[in-house]
Amino acid sequence: MPTPTSAKTSNELEELIRTIAALREHCPWMGGLTHESLVEYLIEEAYEVVDSIEAGAVDDELRGELGDVLLQVVLHARLAEERGSFDFDAVARGINAKMVRRNQHVFKADGSLRESFPASVEEIIVKWDAAKRAEKPERKDPFEGIPPHLPALAAAQKSLDRAARAGLDVSGLDGDARLVDPQGALTAVGLPVIPDSEEALGELLLAVVAGAREQGLDAERALRSAVRSFQNSQAQPS
């Protein structure tokens with residue numbers, strides 16, 4: 001009889017946790033890792049998942065990249081366990097409880113499923129935001145919680161999303177996006193008009209993100225794709 005998925009997953013995770021514990025104890029390199037020294041790897045592994053998805057990676061490659069991210073989570077949890085703070089189980093319990101708490105449109109307070117579910121994404125967003133406000137009533141700033149080290153384009157996109165969901169007016173921000181020549185003539189005439197100061201350039205970039213957001217586009221993903229295309233176009237044949 002096949003092993004139930006939940007039991008199999010539990011066994012695999014327990015084996016990985018034991019492996020990391022043994023490496024922390026017996027491998028000098030692993031034993032010397034800290035939360036701080038792992039930061040660069042966590043960021044790198046996360047972006048490698050993004051790259052594999054956007055490149056249309058086959059399942060084997062994506063599975064491997066996700067494993068690398070999971071390794072980072074297990075390592076950080078192990079470091080915390082060694083200093084008597086929390087362990088991997090606490091991490092899993094915490095995120096599970098958060099998903100149940102935040103998704104009141106799907107779950108009851110005890111974690112059981114509701115009898116009916118929302119029909120639209122818009123309704124889900126309203127309920128999600130209400131759950132977050134009830135959870136953290138002291139949070140008044142709609143931009144609180146946006147990571148300060150998030151890439152600038154991603155931070156702009158998330159800030160605009162937060163502002164719109166908080167009922168703030170963002171309708172005028174894309175007014176200067178026309179400077180970027182949306183008709184596509186850039187390939188024929190060269191660069192768009194670029195401001196002569198960083199402040200003005202920042203305002204232009206924010207306008208571009210706002211204009212992209214209005215059209216349902218992801219500026220961060222679009223720029224990554226353009227960078228990859230540029231790199232490929234500049235690559236010398238071997």
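Predicted model: local features only at pLDDT ≥ 70, side-chain atom pairs only at ≥ 80, totals over all residues.
Two packed helices are described by the angle between their axes and the distance between the axes.

Let us look at helix 3 by itself. It covers residues 35–54, which makes 20 residues. From its first C-alpha to its last, helix 3 reaches 28 Å, close to the 28 Å expected at 1.5 Å a residue. Just after helix 3 comes Gly 56, with a positive phi of about 70°.

Which residues of helix 3 are buried? They are Leu 38, Glu 45, Val 49 and Ser 52, and they pack against helix 4. An α-helix has 3.6 residues a turn, so residues three or four places apart point the same way.

Who meets whom across this pair? On the helix 3 side, the residues in the contact include Tyr 41, Ala 46, Glu 48 and Ile 53. On the helix 4 side, Glu 61, Leu 66, Val 69, Gln 72 and Leu 79 are among them.

Helix 4 runs over residues 59–82 and holds His 76. Is His 76 buried or exposed? With a relative accessible area of 18%, His 76 is buried, because the cut-off for that is under 20%. Beyond its neighbours within four places in sequence, His 76 is in contact with His 35, Leu 38 and Leu 42.

Now for the loop. Val 106 sits between helix 5 (88–102) and helix 6 (121–135). Its relative accessible area is 22%, so Val 106 is partly exposed. Setting aside neighbours within four places in sequence, Val 106 is in contact with Ser 112, Leu 113, Arg 114 and Phe 117. Val 106 and Pro 118 are 12 residues apart in sequence, and their C-alpha atoms are 8.1 Å apart in space.

The two residues can be set side by side:

| Residue | Relative accessible area | State |
|---|---|---|
| His 76 | 18% | buried |
| Val 106 | 22% | partly exposed |

Key:
Residues numbered from 1 in each chain as written. Heavy atoms only, no water. Helix = DSSP H or I, 4+ residues; strand = E, 2+ residues; numbered from the N terminus. Buried < 20%, exposed > 50% of the residue type's maximum accessible area, 1.4 Å probe, protein only. Contact = heavy atoms within 4.5 Å. Expected span 1.5 Å × (residues − 1).
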